[in-house]
Amino acid sequence: MLHARKGRKKPKAGLAYLLEIALLLAAISLPPAKAQLSPINLPSNHDPIQGFDIPPERLMESIADLPESVQAAISSDPDRFVSMLRPVLQLASTRYFSPVDKTRSLPASYRPPHLVPLDRYRALYTSAQGLMVNPLIMRDLLRMSAAAESQGVILRISSAYRSYYRQREIFARQVLRRGRKEAARRSARAGHSEHQLGTTIDFGSISNAFCGTRAERWLRLHAHEYGFSISYPPGMEELTGYVPECWHFRHLGKEALALSNRFFGGLSTIMLSYIDDNSDWLAPSR
Ligand SMILES: [Zn+2]
């Protein structure tokens, strides 16, 4: 179901959405609790954490720098946290969950293996030739596009994988056009773009003109069902470093999004940094 919205004037975001963002912001602006670890209320029969050789103290130590609300969520249900984290960690070594932001980057040589050309898929709508994506997102991308189309909504893919060098050109062009400071709010430097992962897609016009269109409203409501989420939501520039981009979606998979919603207040960027910092010792033993 799409929004039954009256005036069609560029709805920036639904009230519920704005409220959600405000709550998230409130949650993350809390000062991180300094090494003040919440007591672990683990029932004695859950020690160590179910099915894992993870000492609860080590887990609590790893979350000590996270926002208080995230720490509280995890320490109130560590078994569930670890069991939801497990399927996500299976992919941790593939860069699928690499945080890619203003400070964390990919090497210039990184190119996801076996990129899939979208021209091969007649069922998909693209606005350029030669677009490619990481094969790991193909299934969900096809399902999402078909689901939208069955409801009369066309999802047009306008940008997908970008190499380091392509991103360097794009950023340089933005700097010429807007100056370095403004360019940095709207475009990523080479190595710092999620597009280099091949799991990120820009839809429609790649501009604010896309916000409020049927396709954008459909994505806002349903993309998460297919594992996609918006990377730069409105009101989050301080956290993400970028102005809102209603067209830019990164695939993280349903499991990771569920983990992000349940324990990280929906702030995937915090979850990704946590996974990146801790995947070596948290990885499921074989
Ligand atoms: Zn993008």
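**From a sheet to its helices**

Modeller: Start with a facing pair: Ser159 stands opposite Asp202 in S5. This is a predicted model, in which local features need pLDDT of at least 70, side-chain atom pairs count only at pLDDT 80 or more, and totals for chains, interfaces and linings use all residues. Residues are numbered from 1 along each chain as its sequence is written.

Colleague: What makes S4 and S5 a pair?

Modeller: Strands are DSSP runs of type E with at least two residues, numbered from the N terminus; helices are H or I runs of at least four. Two strands pair if DSSP finds at least two bridges between them. S4 (residues 156-159) and S5 have 2 bridges, in the antiparallel sense. That meets the cut-off.

Colleague: Which way do S5 and S7 pair, and over how many bridges?

Modeller: S5 pairs with S7 (residues 248-251) in the antiparallel sense, over 3 bridges. Thr200 stands opposite Arg250 in S7.

Colleague: In which sense do S2 and S4 pair?

Modeller: Parallel, over 2 bridges. Tyr125 has Arg156 in S4 as its bridge partner.

Colleague: What is the strand order in the open sheet?

Modeller: The order is S2-S4-S5-S7-S6, 5 strands with mixed pairing.

Colleague: Why are S2 and S6 said to stand at the edges?

Modeller: Each has a single partner strand, so one side of each has no neighbour in the sheet.

Colleague: Which residues of S5 point one way, and which the other?

Modeller: Thr200 and Asp202 point one way, Ile201 and Phe203 the other. In a regular strand the side chains alternate between the two faces of the sheet. All four S5 residues are buried.

Colleague: How do you know that the buried residues of H10 share a side?

Modeller: The buried ones in H10 (residues 254-263) are Ala256, Leu257, Leu259, Ser260 and Phe263. They cover an arc of only 160° around the axis, which puts them on the same side of H10. The arc is that of the directions from the helix axis to the C-beta atoms.

Colleague: And which residues of H3 are buried?

Modeller: Val70, Gln71 and Ile74. Their arc is only 100°, so they lie on the same side of H3. They pack against H4, H10 and H11.

Colleague: Why are H4 and H10 called roughly antiparallel?

Modeller: Their angle is about 150°. Angles over 145 degrees count as roughly antiparallel, under 35 as roughly parallel, 65 to 115 as roughly perpendicular and the rest as oblique. H4 and H10 are therefore roughly antiparallel. Their axes are 9 Å apart.

Colleague: Which residues of H4 and H10 meet?

Modeller: Contact means C-beta atoms within 7 Å. From H4, the residues include Phe81, Met84 and Leu85; from H10, they include Ala256, Leu259 and Phe263.

Colleague: How much of the chain is buried?

Modeller: Buried residues make up 33% of the 286 residues. The chain has 11 helices and 7 strands.

Terms used: Buried ≥ 20, exposed ≤ 12 C-beta atoms within 10 Å, placed from the backbone. Contact = placed C-beta atoms within 7 Å. Axes fitted to C-alpha atoms, helices over the stretch in contact; angles between N-to-C directions.
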